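Open the model in your viewer and keep the selection tool at hand.

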Amino acid sequence: MSRGTLFIVTAPSGAGKTSLVQALIEREQQLRVSVSHTTRTKRPGEEDGVNYHFVDEATFMEMLRAGSFFESAHVYGNHYGTSQLWVNEQLKAGLDVILEIDWQGAVQARNLDPNACSIFILPPSLETLKTRLQNRAQDDTETIEKRMSEAVAEISHVAEADFVVINDDFDTALEDLSAIIRSRRLLIEYQQANQADLLTSLSLSE
């Protein structure tokens, strides 16, 4: 069995990243999504341990000093971090892992795992992005303007990704994500590990 693949998914706030990833893991049984630690305040409907591991800043900084995070970043005034132990355990078990992180975390993750696959999700336009943020009804006008400014900065890092998915139509974007996941699983190095018996039997039959 081969080591799993680390997929890094990056997008500006409001691009639909979380909804797409949730739909993706429902159809891909070998795919796991990392639940990050964050100092952000829990939003209505969110659950601790499901959406995030919600911790206070003192706890987060203690974990950071202990080297507990695979990657970490300071985004929108809050800290976010991915458990290094959890990621390594999943990958060693042959499971694929998705990290939903910003560009700062993506840089760290790619440096730690050069074989990681990086995917950037874009909105069809900045106007659409702003409308989606407004329709979420989670932020006031000032916060939305701040997120729009930060979205432009985030999007400037799109060229660092391996793949780009435009989330104009949700179903189409989901199919594009699935195609990326499946294509990585068909690479020869993974097929040699996962289909070793078949490949051996076929070569012996020549």
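This is a predicted model: local features need pLDDT of at least 70, side-chain atom pairs count only at pLDDT 80 or more; totals for chains, interfaces and linings use all residues.

Local features need pLDDT of at least 70, side-chain atom pairs count only at pLDDT 80 or more, totals for chains, interfaces and linings use all residues, and side-chain values use heavy atoms, with hydrogens and water left out.

**Stop 1: the cavity**

On a 1 Å grid over the protein atoms alone, a cavity is a set of points where a 1.4 Å probe fits but cannot get out; a pocket is an open set with protein on both sides within 12 Å along at least five of seven lines; lining residues have an atom within 4 Å of a point. Points are joined across faces, edges and corners, and a volume is the space filled by probe spheres set on them.

One cavity reaches 30 Å³ or more. The largest cavity holds about 50 Å³. Select Thr10, Trp103, Ala106, Arg110, Ser118, Ile119, Phe120, His157, Glu160 and Ala161 to see its lining. Five of these residues are nonpolar, three polar and two charged. Now colour α4 (103-112) and β8 (117-122): each supplies at least two lining residues. Helices (H or I, at least four residues) and strands (E, at least two) are DSSP runs, numbered from the N terminus.

**Stop 2: the sheet**

Select β4, β3, β6 and β5, in that order: these four strands form an open, mixed sheet. Strands pair if DSSP finds at least two bridges between them. The edges are β4 (53-54) and β5 (69-75), each pairing on one side only. β3 (residues 37-38) runs parallel to β4, over two bridges. Pick threonine 38; its bridge partner in β4 is phenylalanine 54.

**Stop 3: the largest pocket**

This pocket has a volume of about 1000 Å³. Among its 35 lining residues, select Lys17, Thr18, Arg43, Tyr52 and Glu100, the closest to its centre. Which element gives the most to the lining? It is α1, with six residues. The lining divides into 15 nonpolar, ten polar and ten charged residues.

**Stop 4: the second largest pocket**

Its volume is about 170 Å³. Twelve residues line this pocket; Ser2, Gly94, Asp96, Arg185 and Asn194 are the closest to its centre. Highlight α7 (170-185) and α8 (188-194), which each supply at least two lining residues. By class, the lining has two nonpolar, six polar and four charged residues.

Note on methods: Residues are numbered from 1 along each chain as its sequence is written. Ala, Val, Leu, Ile, Met, Phe, Trp, Tyr, Cys and Pro count as nonpolar, Asp, Glu, Lys and Arg as charged, and the others, Gly among them, as polar.
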